[in-house]
Amino acid sequence: MRIISGIYKRRRFDVPKSFSARPTTDFAKENLFNVVNNLIDLEGAVALDLFAGTGSISFELVSRGCEEVVAVEKNPAHAAFIRKVACELGTDVLQLVRGDVFRFLSSAAPEQFDFIFADPPYALEELPDIPSLVLEKDLLKAGGVFVMEHPKTFDFSSLPYFAQHRVYGSVNFSIFVKEIGG
């Protein structure tokens, strides 16, 4: 796992081979953040990483200047890895929540975030419901951006705030932008 940009740029961390997480590829992550940087200033933002896995996106957000990053990960080994990397970086910006994303979503209100990223397991039965859950819970601040990573078989373009769909190799992102006043 590599951090692409920011204060921890080029830092690498070896993800245990036993991990079941499917980390976002460096190619997809770099291209996604090029798009995101045109939509929102992450410096000082409050971010949420759902299904954090290896923490790759969380640490990218920390490195890019987010004021607070909440990473939600259910798998104990993955959560321990995220905690270990946060300690190695010496950051107190990352808040790790070891638990179920759906339970977190049901209890997260009224907290809101400037940036939300969700990368659920592609085989997850509830995957198609995640964007609606996030949007209905009003977790996104006005002017905020929500990115959903998903397989190509899903189309979220009919949902509120849908802005664009991006494909990088086999990785698909649906991007939602909550307009100010929207």
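Residues are numbered from 1 along each chain as its sequence is written, and side-chain values use heavy atoms, without hydrogens or water. Because the model is predicted, local features need pLDDT of at least 70 and side-chain atom pairs pLDDT 80 or more, whereas totals for chains, interfaces and linings use all residues.

Student: How far apart are the end C-alpha atoms of α1?
Tutor: Helices here are DSSP runs of H or I with at least four residues. The expected span is 1.5 Å times one less than the number of residues, so the 14 residues of α1 should span 20 Å. The model agrees with this, the end C-alpha atoms being apart by 20 Å.

Student: Within what arc do the buried residues of α1 fall?
Tutor: Buried means under 20% relative accessible area and exposed over 50%, with a 1.4 Å probe and protein chains only; the buried residues of α1 are A28, K29, L32, F33, V35 and V36. Taking directions from the helix axis to the C-beta atoms, these residues line one face of the helix, because they fall within an arc of 160 degrees.

Student: Which exposed residues does the face of α1 turned away from its buried side carry?
Tutor: The buried residues of α1 pack against α2, β4, β5, β6 and β7, where contact means heavy atoms within 4.5 Å. The face turned away from that buried side carries the exposed residues F27 and N38.

Technical notes. Helices (H or I, at least four residues) and strands (E, at least two) are DSSP runs, numbered from the N terminus.
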